[in-house]
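Please go through the helix packing and the ligand surroundings of the model shown here.

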Amino acid sequence: MNKTVLITGSTSGIGLGIAKQFAKEGYNIMFHGLEKNGPEIAEEIGDKHRIKVAFSNANLLQSKAIEALIKKTIETFGALHVLVNNAGIQYVSPIEDFPNQKYENIIAINMNAVFYASKAAWKQMKSQEFGRIINVSSVHGIRASEFKSAYVTAKHGVIGMTKVLALEGAPFNITCNAICPGYVKTPLVEGQIKDQAKAHQMTEEEVVEKVMLKKQAVKQFVPVQAIADMAIFLAKESSTTITGTSFALDGGWSAQ
Ligand code: NAD
């Protein structure tokens, strides 16, 4: 039987890359995201790899919508083996000007949604005696940068939650781990280049060179494929003792 994976934010960027890799491995996939062409993306990948797919545009700002997303996944596929909490947003601003609503939305989508989705999936994973929760945190879950008070707070929170869920899941073969990428060139980062340019009063080229990749020893954006490969590895049956930990895919940023 094919396993089922739900990947939040899988109609763009990193989530889409992770979904494509799970599709190649034969998983059934619940796609999710706010992109308008989400249903077409899901259908195309489903047809290409002959896997069962569905799509949801549940708004992760609402706990009820997250619960409904998990319910729909279990009803559609009859199982939920792997939950990848990937969706996230960013906003860059000095704290004194940071809009409260932006702060609250980042905490809600990047951190609270991880709690609500994992909580809703828990009973099913327990009954299967198999669960793999993979949280896409960030190097900003283990390191800070200026002008990112909300994002750094949320991503650090996800690392803490990862450890707790690992402890609680251990008796049931539910593992929980975090992946901490450095900079990956996705729509989220394209937006940040513009915002950072404003905050630092630099050109966009200067931001990439002097701000973004400055802290990475490897002066390249992290490939989406590296994150997708790590997610597949963590989802394996044989990864049962790998739990409660964070994997930095950050070009050596956190080695310093
Ligand atoms: P992206 O903007 O390409 O994709 C984000 C996804 O989240 C989209 O599908 C979007 O629709 C979804 N989303 C956003 N708000 C939502 C909401 N309210 N309800 C439902 N879905 C919502 O971004 P990405 O770069 O692929 O980021 C994916 C994850 O990786 C995020 O958690 C991000 O923080 C993390 N990350 C990204 C980088 C990077 O450099 N791009 C680095 C480290 C960590």
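**Helix packing and ligand contacts**

Helix α1 passes α8 in a right-handed crossing. The model is a predicted one. Helix α1 and helix α8, the latter spanning residues 224–235, pack at an angle of about 55°, and their axes are 8 Å apart. Helix α1 is therefore oblique to α8. On the α1 side, the contact is made by Gly13, Ile14, Gly17, Ile18, Gln21 and Phe22. These residues meet Val224, Gln225, Ile227, Ala228, Asp229, Ala231, Ile232 and Ala235 in α8. Sorted by class, the contact of α1 with α8 has 9 nonpolar, 4 polar and 1 charged residues.

Helix α1, which covers residues 13–24, also packs against helix α2, residues 38–49. Here the angle is about 25° and the axes are 9 Å apart. Angles under 35 degrees count as roughly parallel, so α1 is roughly parallel to α2. The crossing of α1 with α2 is right-handed. From α1, the residues Leu16, Lys20, Ala23 and Lys24 take part, and they meet Ile41, Ile45 and His49 in α2. The residues of this contact between α1 and α2 comprise 4 nonpolar, 1 polar and 2 charged.

A further helix pair is formed by α6, residues 187–200, and α7, residues 204–212. Their axes lie 9 Å apart and the packing angle is about 90°. Angles of 65 to 115 degrees count as roughly perpendicular, which means that α6 is roughly perpendicular to α7. Helix α6 contributes Val189, Gln192, Ile193, Lys194, Gln196, Ala197 and His200 to the contact. Their partners in α7 are Glu204, Val207, Val208, Val211 and Met212. By class, the residues of the contact of α6 with α7 divide into 7 nonpolar, 3 polar and 2 charged.

The ligand is next. Which of the 30 residues around the ligand come nearest? They are Ser12, Asn86, Tyr151, Val184 and Thr186. For Asn86, a backbone N or O atom lies 2.7 Å from an oxygen atom of the ligand. Ile14, one of the α1 residues that meet α8, has a polar backbone atom 2.8 Å from an oxygen atom of the ligand.

Technical notes: Residues numbered from 1 in each chain as written. Predicted model: local features only at pLDDT ≥ 70, side-chain atom pairs only at ≥ 80, totals over all residues. Heavy atoms only, no water. Axes fitted to C-alpha atoms, helices over the stretch in contact; angles between N-to-C directions. Helix = DSSP H or I, 4+ residues; strand = E, 2+ residues; numbered from the N terminus. Parallel < 35°, antiparallel > 145°, perpendicular 65-115°, else oblique. Left-handed = near helix turned anticlockwise from the far one by under 90°. Contact = heavy atoms within 4.5 Å. Nonpolar A, V, L, I, M, F, W, Y, C, P; charged D, E, K, R; others polar. Near = heavy atom within 4 Å. Polar contact = N/O pair within 3.5 Å; in protein donor to acceptor, adjacent residues only side chain to side chain.
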